[in-house]
Amino acid sequence: MAAPVPPGAPRPGANARQQSPHPNFNPNFQTNPNSLADNMQNMNLNRPHSMPNSGPRPSPFGQPPPFPQSSVTAGFPVASPPMSRPGPPPGMVGRPAVIPAGPLQSTLPANVPPGRPVGLPVSHPPPFGSRPPPASLSSSTGGAVLPSSAFPSSGVSSAAAAPPPPVGAGALPGAPQFPPPAIVSQPPVGPPPSMMSARAPAQAPTMRSVLGSSAASSPQTPPLPSASSPFPAMTQARPPPPGSPYGPQTWSMQPQQGTQPSHIPGSTHAQPPRMFGMPQQALPNQAMTNIPPALGQPGAPMSGSSKIDPNQIPRPIPNATPIVYETRHGNSANPPPPATSDYIVRDTGNCSPRYMRCTINQIPCTGDLLTTSAMQLALLVQPMSLPHPSEDPIQVVDFGESGPVRCSRCKGYINPFMKFIDQGRKFICNLCGFTDDTPRDYHCNLGPDGRRRDADERPELCRGTVEFVASKEYMVRDPMPAVYFFLIDVSMNAVQTGATAAACSAINQVISDLPEGTRTQVGIATFDSTIHFYNLKRALQQPLMLIVPDIQDVYTPLETDVIVQLSECRQHLELLLENIPTMFQTSTTAESCFGAAIKAAFLAMKSTGGKLLVFQSVLPSVGIGALSSREAEGRTNISASEKEAHKLLQPADKILKTMAIEFAEYQVCVDVFVTTQTYVDIASISVIPRTTGGQVYYYYPFSAVSDPAKLYNDLRWNITRPQGFEAVMRVRCSQGIQVQDYSGNFCKRIPTDVDLAGIDCDKCILVTLKHDDKLQDGSECGFQCALLYTTVYGQRRIRVTNLSLPCTNMLSNLFRSADLDTQFTCFLKQAAIEIPTCPLLQVRDHVTNLCINILLSYRKFCATVSSTGQLILPEALKLLPLYTLALIKSRGLRNDGRIDDRSFWFNYVSSLSTPLAIPLVYPRMFAIHNVDTKDGDESVLPPTIPLSSEHVCDDGIYLLENGEDALIYFGSSVDSSILQQLFGFTSVDDVPTQFVMQQFSNPLSKNFNDVVNVIRQQRCSYLRFALCKKGDPSGMAFVSCMVEDKNANGPSYVEFLVHIHRQIQMKMS
Amino acid sequence: MSEMANTDPEGIDAVRMTWNVWPRTKVEASACVIPLAVSIAPIRSHPDIPTLPYAPLRCKSCSSALNAFARVDFTAKIWICPFCYQRNHFPPHYAMISETNLPCELYPQYTTVQYSLQANPDPNNPSNVPQLPPVFVFVLDTCMIEEELGFVKSAMKQALGLLPEHALVGFVSFGTQAHVHELGFSDISKVYVFRGNKEISKEQVLEQLGLGSAGRRPTAGYPKGLQNGHSNTGVNRFLLPASDCEYTLNSLLDELQTDQWPVQPGNRASRCTGVALSVATGLLGACMPGTGARIIALVGGPCTEGPGTIVSKDLSEPVRSHKDLDKDAAPYFKKAVRFYDSLAKQLVSQGHVLDLFASALDQVGVAEMKVAVERTGGLVVLAESFGHSVFKGSFRRMFKDGEQSLGLCFNGLLEINCSKDIKIQGVIGPCTSLEKKGPNVSDTVIGEGSTSAWKMCGLDKSTCLTVLFDISSTERSNAPGTANSQLYLQFLTSYQDPEGKRMLRVTTLTRQWVDSAVSTEELVHGFDQEAAAVVMARVTSLKMEMEDVFDATRWLDRNLIRVCSKFGEYRKDDASSFTLNPCFSLFPQFMFNLRRSQFVQVFNNSPDETAYFRMLLNRENITNAAVMIQPSLISYSFNSLPQPALLDVASISADRILLLDAYFSIVIFHGMTIAQWRNMGYQSQPEHQAFSQLLQAPHVDAQMIIQERFPVPRLVVCDQHGSQARFLLAKLNPSATYNNSIDMTAGSDIIFTDDVSLQIFFEHLQKLAVQS
């Protein structure tokens, strides 16, 4: 299971794998180390440590995670913690007060004061008197205050702003009236909240330097990829990463780096010492951003806004080095670091936030309180998530025949929060409160602290996440074998565009990555207007093609031999895959019977279940579930299309849905790789993967030049990533809370469980919660996710993930403990669910209103600032407006997208994990024309640039990536030598339409490749590259990603803040 | 039997009639008891038949062909049609006609002539005749044990080698599903798989094989594309010239496995014979409309899947028996027959043949498939195993060339013209009514009726049809006016010969009308008792199949008594006075044996066997059919030449060898003494060479019979008192049974039966015939 290796660059090896090579490990194949994958291994039971891929890594690094995916954090915006600002030294972030109102820049340092002492969480800051709007600067406790328009914008510094900050200038010319300093922060008022005030401009310079130089410290320098051709690269072994990446850096470096202690989520207080776990958080930190009052005023519409210094409004700040996070500290839950940051988890009772995280890290005691806050209460569950390589593997507990100890009422699994009483003879379920007798052979006396004496030796009593070996009663049949069925479109179009050849070649290369052993079975079929199965039985001289011509009522042509043990058919399979493209070369069949083909393949797999990987290139036009070109029909009938546009995003009919449910029932998980140049009605097709726990991969417009490498890597990751089959998942909650709904890629037959024909490390499920009773303040609310699944090696396991969070009656606690990434992901997923059913305008309004209502609630009940002229943002959620804006402008919510693009977008979102959600809407942008000018810092990634055209120069080349796609943008006057060095052509006019990464022998190119490889690794995605140049239609794609700019899809960031502010003002009054 | 002496009783015309002089009226005809019937082998070859390279002249009114019985006015260049008396002018190319310069068809001895037709004559290059390649689609069952499959594979390979090079070959195998093998795809073996449990229409087959409208040629005719080497029809994906695909097919057969779908214990294999046949039919329909093609089905068991199912998969349920059919306890039967009936219709409309080679110990559903085989004129062979000589010999024979050739022809069309008062009731035999109504079509229908034209998708040299006629009484009033004392019948058979040439054969017969009311003398002399027996057998079989409650024995008895009453000479109520004219003398014995035969006593056989026997009864010539009814017995002994023996248990003797030819089986029966001698090995001692020759003689004769016969009969060699002897004993007249064996002589034998013997039968017959 190696992760997909980017062609150009091998993934850094993960340390994990080195551990014990899997017996089967074949060095030749596995060369590329994929750290990610490796990581998995450690943890993942599925793959015994064997990971083959382990690259050549030298010695396992000790703790410092070698390549953490986390390295990611460095440098990008997305992930960034809510920190308000630029990265002043650590302490500052949350800190209120200190910032002098005074002149901006200079103040910077001031901010710094480390941890505030503030004792209590401030839920209700004392009301401040009226803040003098302008001059006084709004300070809010804890909140970052944006200067009102009136103020010179100087106050705000943007975090990563690359370009020389305007800030430096101090006051912008714009607004004379107000005193320049407006910026920022107020002295803290009173005890309460520490505020982040909008930050001091001054920093900007520092930041820059900081960022520039140190920027992200990503330890690893990936070896150079050989590059030119994608595939060869994969095989290469990658050189060991240079020195130990993280080790040194971790803490010590930070201060210097200037990047804030990044880890600290803004919301949580930053502790000077970076340990996450520290309980202290008591500090309330509310970061408030003040928006100049002017904005709000009707009279002065936008003028005001223009005066805000765009560089000073909240932006994400990446953090550079991984932090160690203990899930519980003392006896209470420790709020998790931002999902996008780099962290190493120590499971001390609660699960790693990778597996499960909650939108709010304290649970409101009542539904009313939650309603008042306007926030969502939901869990994002990613039960198989890829752990950091330095984390301890999940422990496996075998209770033998009797199976794991469970509550006899709610069936909750034994976990660290179950309380043993009566000398250990009984235990109280933390979920339902029922008291059970301890099974005799599980009895243990209690220690003086009331815990069982053996609690620390038993993983199930001290770890948030454990795996139980499932006993017979968890099996309705023997665990299924690992069955992989490949289904390839060979219709004329597919063959001619090279999609068929790409699919065959990808499969052929990936065969060696399939799990070894007799349990692995494969099958293959192709289809055009008929379905062609292949008998791969070894006895035959050559594979026999079996055609199923009845595509209205399909069947499987053989009971056996269509799916064969891999070890028995490898040669046949390889031969066949080489032949398929030529065999159909002269085919003139334009039709494609996708629905019938998957049905037929399903029938072949029905007895076992397994993974069905479909490569589809054209609109399914015949057979079961045939689709019509609805998009075109929509275009011709314009009036209808406007009104009913979202209908095109719904499945055309129920046929595929019905099929999908049947597939799920028989444990067939379908992934669809759409390699097309036309409309294929993803809205309809995607129903199948969504329901069966699979996913859609979309290559549009398919290019035979640049896409095969990504296709291969996607397929490889798909197969090699940690995953399980025939899974059932249920989330249980403490009394008072119940699960309202699940959403994600699965099939739900009964309300309490989700059925997952396939589950893998990338799939995330949103679990919304609701109150059905009151919770006790001061108690804890427990959540338990149990996933029963079969590993690829045929073991039946139950992965139990526990999270226990404190309950609170204080609204301010909720805001303080809000988890921005999770909240936003929740928004995003809910918006995605709405897209097919509501007009776009409504969805956008809804999203905006969600954001406004939260801010309104905060403003109304928590803010210590009373001036209406200020937009006050809770520190934890200070980036919410930016992300909301980005969401509104995202591909899925824009008006101008192709139907398929939007369908893909919201399907992609449905299973998207939290760490990838933010980059999707707020991508990272890097300048790459100067990647060779490093500051001696070890981080590979250059600093991120805000998504604003102001930061894009005409002579620059920029890389923008969202975890799935990557755009390379060429300014109109890029230096030709840079072009030559990086891409091999000399003029922007020569920018090709299709792109294959190459590495040339110059440092610029090498660094660029390194950057790309680091990103790939972080994202577990090969990235689909597109080249864009200014003034060209291709450039529009890039421009539309500049979410902070005003464009046809929405206002600029500043305007949006003004809009929000005005809305809040209206609602307040 | 007087005709016995005549080695070729059928003559140039290949015709036998029950009555060679016809009564004038319907009343008289029905008084004759035995129906007016003509048995004709429409394309039996005969050295004297001339082949004419032109098309016949046709009467412009009744479209009968010019024949030797036409009256010709040489001066006026006019001929008068003997059927309708229409005067026809000779066309210009007959201008040279004169009394001394007659075209062949007018020579009186050429009552049968053959025309070689050219559908698309190419005047410039007559030699460049587009030949229609024959098409063979093999439909092979794979639900059988390896050994059987091995036998059938090797038989198929052999057959492939024997096929003419230009013949097109297709291959369908089936088990749970039907596989159409695409032979023209070189990259990989390619198979179209059709589900076994779903009925599929021809259109669906075409569509699914990718031969939709684009690949189909709407007009019947020649697949020009193919002939010109173009591949515009898609035909050559599935049907390839034997020379091109022999290698492919051989390797395909080598790899062919028995059906891979699992069979549950206690169950029959799932076998979709019905779907496989529909698919093959559809394939042919698409590829070769209008040309001759045959589907050769090799079936190793009953259809248990999909349409045409004859029995459930559960082994505890036996395949239907006659008893079940009688009691209506065969739940699948009717449905299956309906299915095969529709398949037959489709095949007939396409002009294609279904041949059935069934080899299994149990039944395979011949009874249900009979309709499709018989209507298309297909061959049928029933054997116990694909390794058995009955199958192997017959199958090889089918493809043999030259002397042994069956002369398989395609796309036959039979038309019958007859004189005014004669009506056609129908035809019994391998053909299908084309529902072509006309004035000479009778209202009462027997067999394939209501028509004057029949389709024979497949026919061969030995194919024989029985045409039943009726006399129209309504025309009677006119009859006296016409001086005509002769009646005329004309049979026109057009067909595609094995070389692909279009042929037309015209047989014109004349017979005399007699007024039997006056005297039966002429009538009696015109009686052909052998033909009559066979026709009675055929009619009886037909009635047994068609009529729900039909007591065949009784019906035969009644008719026999009526015949005897009418034609016998006796004093009323005096049984001892009864005598029968020699022309009738054998008839009662035939009837006696018919009553005992497998055709009437069906309960000894399975429905499949019965269907098989009847199909052959209907398609064989009179002589062979008579053997089926009444086997011939030849005795070999030291004292005399081989000589016919009475079909009686009394013929058994310890020192004789008997050779029984019961058509379907040939039994060589060694008397006890002979068997002992043989066991002691005397035949290998030089001094007993005569004994060796005696032993050899019946084998030589048996081989001669076997060689000529299709299907190959089963050869049983047995000894007196051996278990196999039952094959002989069952056919013998039980003149000696355990009831009357007191006077048994040494070496003779008895039969354990309660059946009446011929003698007792005769006694009763005489008694009843003379009753007033």
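Mentor: Three salt bridges are found across the interface of chain B and chain A, a salt bridge being a side-chain nitrogen of Lys or Arg within 4 Å of a carboxyl oxygen of Asp or Glu. This is a predicted model, in which local features need pLDDT of at least 70 and side-chain atom pairs count only at pLDDT 80 or more, while totals for chains, interfaces and linings use all residues. Residues are numbered from 1 along each chain as its sequence is written, chains are lettered from A and ligands numbered from 1 in the order in which they are written, and side-chain values use heavy atoms, with hydrogens and water left out.

One salt bridge joins the side chains of A:Asp553 and B:Arg195, with 2.7 Å from N to O. The contact (heavy atoms within 4.5 Å) takes 24 residues from chain A and 19 residues from chain B. Between them the two chains bury about 2100 Å², 55% of it on carbon and sulfur atoms; buried area is the accessible area (1.4 Å probe) that two parts lose on being put together, summed over both.

Over all chains, the same rule counts 68 salt bridges. In one of them A:Glu780 pairs with A:Arg328, the closest N and O atoms being 3.0 Å apart. A:Glu780 belongs to strand 28 (residues 780-791) of chain A and A:Arg328 to strand 5 (residues 328-329) of chain A, so the pair ties together parts that are 452 residues apart in sequence. Helices (H or I, at least four residues) and strands (E, at least two) are DSSP runs, numbered from the N terminus. A:Arg328 is buried at 6% relative accessible area, whereas A:Glu780 counts as partly exposed at 29%. Buried means under 20% relative accessible area, exposed over 50%, and partly exposed in between, with a 1.4 Å probe and protein chains only.

In chain B, the side chains of B:Glu545 and B:Arg614 meet in a salt bridge of 3.4 Å, N to O. This pair links distant parts of the chain, with B:Glu545 in helix 13 (residues 529-546) of chain B and B:Arg614 in helix 16 (residues 607-619) of chain B, 69 residues apart. B:Glu545 is partly exposed at 34% relative accessibility, and B:Arg614 is buried at 5%.

Back in chain A, shared partners join A:Arg452, A:Asp454, A:Arg458 and A:Glu460 into one network of salt bridges. Within this group, A:Asp454 and A:Arg452 meet at 2.9 Å, N to O, and both A:Asp454 and A:Arg452 are buried.

Next come the strands of chain A. Strand 22 (residues 668-675) of chain A pairs with strand 23 of chain A in the parallel sense over four bridges; two strands pair if DSSP finds at least two bridges between them. A:Phe673 has A:Tyr697 as its bridge partner in strand 23 of chain A. In a regular strand the side chains alternate between the two faces of the sheet. Strand 23 (residues 696-699) of chain A is covered on both faces, with A:Val696 and A:Tyr698 buried on one side and A:Tyr697 and A:Tyr699 buried on the other.

In chain B, strands 5-6-7 form an open sheet in that order, with antiparallel pairing. Strand 5 (71-73) and strand 7 (87-89) of chain B stand at the edges with a single partner strand each, so one side of each has no neighbour in the sheet. Strand 5 of chain B pairs with strand 6 (residues 78-80) of chain B over three bridges, and B:Val72 stands opposite B:Trp79 in strand 6 of chain B.
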